[in-house]
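Try each task before reading its solution.

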Amino acid sequence: MIIDRAANVAPHRYAHRGARKQMGDLIAGVDRDDLLACLLWTGECRIADILCRAWTEHITTLHQERGEANHRSDGGRPAFMSRYYFQDTDDQVTSACRRAAAEVHEQLEKELAEANEASAESNSIRDKITANFGFDLSKRARREEDQGYTLDTLAVLGHQLEEAKSRLAGLLARDRECLHSLALTEAFRLQAARLGTTSTADIDTMTSVAFTAFIQRLLERDGHTVSAPAEAEDPDRLILAFTASGHRLAVIARHWDSRNHVSRPAEAVNTSMLHCCRRNAVAAGVEETIVVTNGAITRPARRFAAAQGIRLIDRTELQRWAEWGEPLTQGPLTQGEAA
């Protein structure tokens, strides 16, 4: 609305002549600074209102994504069933999909809690501004000089909203990448089921020498050139190989005979074993070290491997590589698995 102060009249929205005259007198009596102060005040209200609506929309999006992640992590089961109820019967692709969804759900819970707090602060500021309409402008100016300007606080919350949206976009992008990787793994698994490959159970019955030779064949299948096959008397089964791009690898095979075990092997690669593997790999002058085992790997060993840049292929990833035919470069089911 544009007001012509020179006309000394109020807008015709006021039907009562006395009200129009009184409003016209008030408008004519204010100075330029008062008009600018009122304009700034109403501008703050608009900014606060826009920010509150934006936070509300972001919270709605978080609720939707959280619900989708929760549905994926539970596999669409009824709410009264535990998400871990069928954990033992899930194949590793399904389990990995649920783990990824559970991680996304956990992150979304944190983002939602922070967004609700930010939204509450924005609403509080908006209510505080609108509740003080009619407050003496000079007193308001002095108060803001002493306590800080409202627009500065709104700017901080607005910046945090942009950061929250960016975090959400990054989280969803990583989730899509994980699902894409899982889809590729499932395709390899289905293809292997049709063609017939060496199963994990067959690998368990191999001797250490046969297991090392099997790993060499897998490397060659993926396009690597084995430059120095492991010697039979080598306890660490060190294989030197080159990738198609000329990258030199040291692949160390550690086999556990699990024929006497009911489930997975009881033995596990520990930190001491990895330390010996790394020392031998450094002596061979390689650029990357990979340790392959049909057994388990201890948590301290995984931390050591992550710190030293050693790639670990445990029983789970070995199944994808050997039995399902997934290339070695495909990577683990979930990011940070080795850590």
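**Exercise 1. Find the bridge partner of Ile239 in β3.**

Solution. Step 1: look across from Ile239, and in β3 its bridge partner is Val251. Strands are DSSP runs of E with at least two residues, helices are runs of H or I with at least four, and both are numbered from the N terminus. Two strands pair if DSSP finds at least two bridges between them. Step 3: follow the chain from β2 to β3, which form a hairpin with 5 residues between them. In the turn, Gly246 has a positive phi of about 90 degrees.

A word on the model: it is predicted, so local features need pLDDT of at least 70 and side-chain atom pairs count only at pLDDT 80 or more, while totals for chains, interfaces and linings use all residues. Residues are numbered from 1 along each chain as its sequence is written, and side-chain values use heavy atoms, with hydrogens and water left out.

**Exercise 2. Work out which strand pairs with β2 over 3 bridges, and how enclosed β2 is.**

Solution. Step 1: strand β1 (residues 225-228) pairs with β2 over 3 bridges, in the antiparallel sense. Step 2: within this pairing, Val226 stands opposite Ala241 in β2. Step 3: check burial, where buried means under 20% relative accessible area, exposed over 50% and partly exposed in between (1.4 Å probe, protein chains only). Of the 5 residues of strand β2 (residues 238-242), 4 are buried, so β2 is largely enclosed by the rest of the structure.

**Exercise 3. Describe how α8 packs with α9.**

Solution. Step 1: take the axes, which are lines fitted to C-alpha atoms, for helices over the stretch in contact, with angles from 0 to 180 degrees between N-to-C directions. Helix α8 (residues 271-284) and helix α9 (residues 299-308) have axes 8 Å apart, at an angle of about 25 degrees. Step 2: classify the angle (under 35 degrees is roughly parallel, over 145 roughly antiparallel, 65 to 115 roughly perpendicular and the rest oblique). The two helices, α8 and α9, are therefore roughly parallel to each other. Step 3: list the contact, meaning heavy atoms within 4.5 Å. Thr271, Leu274, His275 and Arg278 of α8 meet Pro300, Ala301, Phe304, Ala305 and Gln308 of α9.

**Exercise 4. Classify the crossing of α7 and α10.**

Solution. Step 1: the axes of helix α7 (residues 208-221) and helix α10 (residues 315-323) come within 10 Å and cross at roughly 60 degrees. Step 2: that angle makes α7 oblique to α10. Step 3: Phe211, Phe214, Ile215, Leu218, Leu219 and Arg221 in α7 meet Leu318, Trp321 and Ala322 in α10.

**Exercise 5. Which residue forms a salt bridge with Asp222, and is Glu317 buried or exposed?**

Solution. Step 1: apply the criterion, a side-chain nitrogen of Lys or Arg within 4 Å of a carboxyl oxygen of Asp or Glu. Step 2: Asp222 forms a salt bridge with Arg221, with the closest N and O atoms 3.2 Å apart. Arg221 is partly exposed at 40% relative accessible area, and Asp222 is partly exposed at 24%. Step 3: Glu317 meets Arg311 in a salt bridge of 2.5 Å, N to O. Both Glu317 and Arg311 are buried.
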